[in-house]
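Please have the sequence and the coordinates open while reading.

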Amino acid sequence: MSWTPDSIPDQLGRLVVVTGANSGIGYVTARELARRGAHVVLACRSDERGRDAVERLRTEVPGAHTELRILDLADLKSVRRFAEGWSHERLDLLVNNAGVAMVPFSRTTDGFESQFGTNHLGTFALTGLLMPHLLAAADPRVVTVSSEGQRFAQFDMTNLNAERRYRSAFAYVQSKRANLYFAMELQRRADAAGLRLRSMAVAPGLTRSNVLTGGANSARGRVYGTLTRLLLRIAFRPTPDGAKTSLCASTVPDLPGGSYVVPDGPLQLRGEPILRSRERAIQDSATARRLWVLSEQLTGVHY
């Protein structure tokens with residue numbers, strides 16, 4: 001598949017939500033969709049950072065149709081408020097981008113391990129609660145940002161919530177595997193119900209963002225921050241490159257549901273968007289079904 005951001009077709013009239021859109025890949029995704037005419041809702045945890053992002057986007061894209069809405073995926077009450085406050089008649093595209101990465105151990109507002117609770121359960125609940133608006137669209141699409149790191153996850157259904165030992169990197173890649181399971185199972189269920197919804201997953205590759213230095217990671221100290229920022233500059237690619245897979249999955253007209261879009265380079269760390277079908281989690285429908293049932297039980301959100 002040959003694709004560049006110049007390939008993005010006209011998005012005029014499309015209603016879009018991008019979670020975690022105040023910085024990083026989420027901001028670039030929101031900006032480029034707005035640049036091509038979409039009405040983009042920036043779903044952000046911080047009102048201040050969200051307002052700054054909207055102002056920056058409108059400066060970079062004069063005339064952009066954007067708005068800010070507050071969303072904290074680590075708080076299911078916030079997720080419900082966001083969905084209940086949706087005031088548009090439909091939703092054409094939901095980009096599940098927001099997440100945390102390799103943070104010190106903590107619990108979400110609802111008592112879940114923070115990476116599993118935010119990256120997967122918050123995303124699962126938000127998508128389910130917005131489903132009526134998605135299904136009101138003519139061509140609804142859900143894009144969920146996983147990670148190339150999910151390939152190394154030892155997915156343990158008995159330790160998803162850090163019931164036993166907590167290792168931040170292990171919990172992170174496990175939550176990203178859960179994102180991939182979710183995206184594929186959502187497509188299977190949409191197909192079984194005869195719905196026109198398309199669900200895709202993406203891996204951005206090694207990308208510069210503040211996910212390793214901001215939020216809970218900002219409390220790790222000066223040495224950690226300095227070394228991590230140095231690593232980001234040396235080994236990670238620019239943020240617009242990391243947003244390519246999200247933008248590709250969001251806009252390619254004939255992309256089939258159930259697609260997994262990743263960089264085409266070694267270990268999916270960098271490169272141009274390509275479809276990947278030979279991924280263990282894509283085929284593991286049994287684990288995906290078990291995770292789905294558990295997620296409904298934990299969040300109280302039933303599709």
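## Strand pairing and packing

In this predicted model, A201 of the chain has Y260 in β7 as its bridge partner. That bridge belongs to the pairing of β6 with β7, which is parallel and extends over 2 bridges. β6 also pairs in the parallel sense with β5, to which 5 bridges join it, and within that pairing V143 stands opposite M200 of β6.

| Strand pair | Sense | Bridges |
|---|---|---|
| β5 and β6 | parallel | 5 bridges |
| β6 and β7 | parallel | 2 bridges |

Strand β6, residues 198-202, is mostly covered, with 5 of its 5 residues buried. R198, M200 and V202 point one way from β6, whereas S199 and A201 point the other way. In a regular strand the side chains alternate between the two faces of the sheet.

S146 lies in the loop between β5 and α5 and counts as buried because its relative accessible area of 3% is under the 20% cut-off. Beyond its neighbours within four places in sequence, S146 is in contact with K176, N179, L180, V202, A203, P204 and Y260.

The largest nonpolar core has 45 residues, of which V17, F82, L94, L126, L130 and L291 touch the most other members. Among the elements that give two or more residues to this core are β2, α5, β7 and α10. A second, separate core of 33 residues includes C44, V54, V143 and C248.

Key
Residues numbered from 1 in each chain as written. Predicted model: local features only at pLDDT ≥ 70, side-chain atom pairs only at ≥ 80, totals over all residues. Heavy atoms only, no water. Core = buried A, V, L, I, M, F, W, Y, C linked by side-chain atoms within 4.5 Å. Buried < 20%, exposed > 50% of the residue type's maximum accessible area, 1.4 Å probe, protein only. Helix = DSSP H or I, 4+ residues; strand = E, 2+ residues; numbered from the N terminus. Contact = heavy atoms within 4.5 Å. Pairing = 2+ DSSP bridges.
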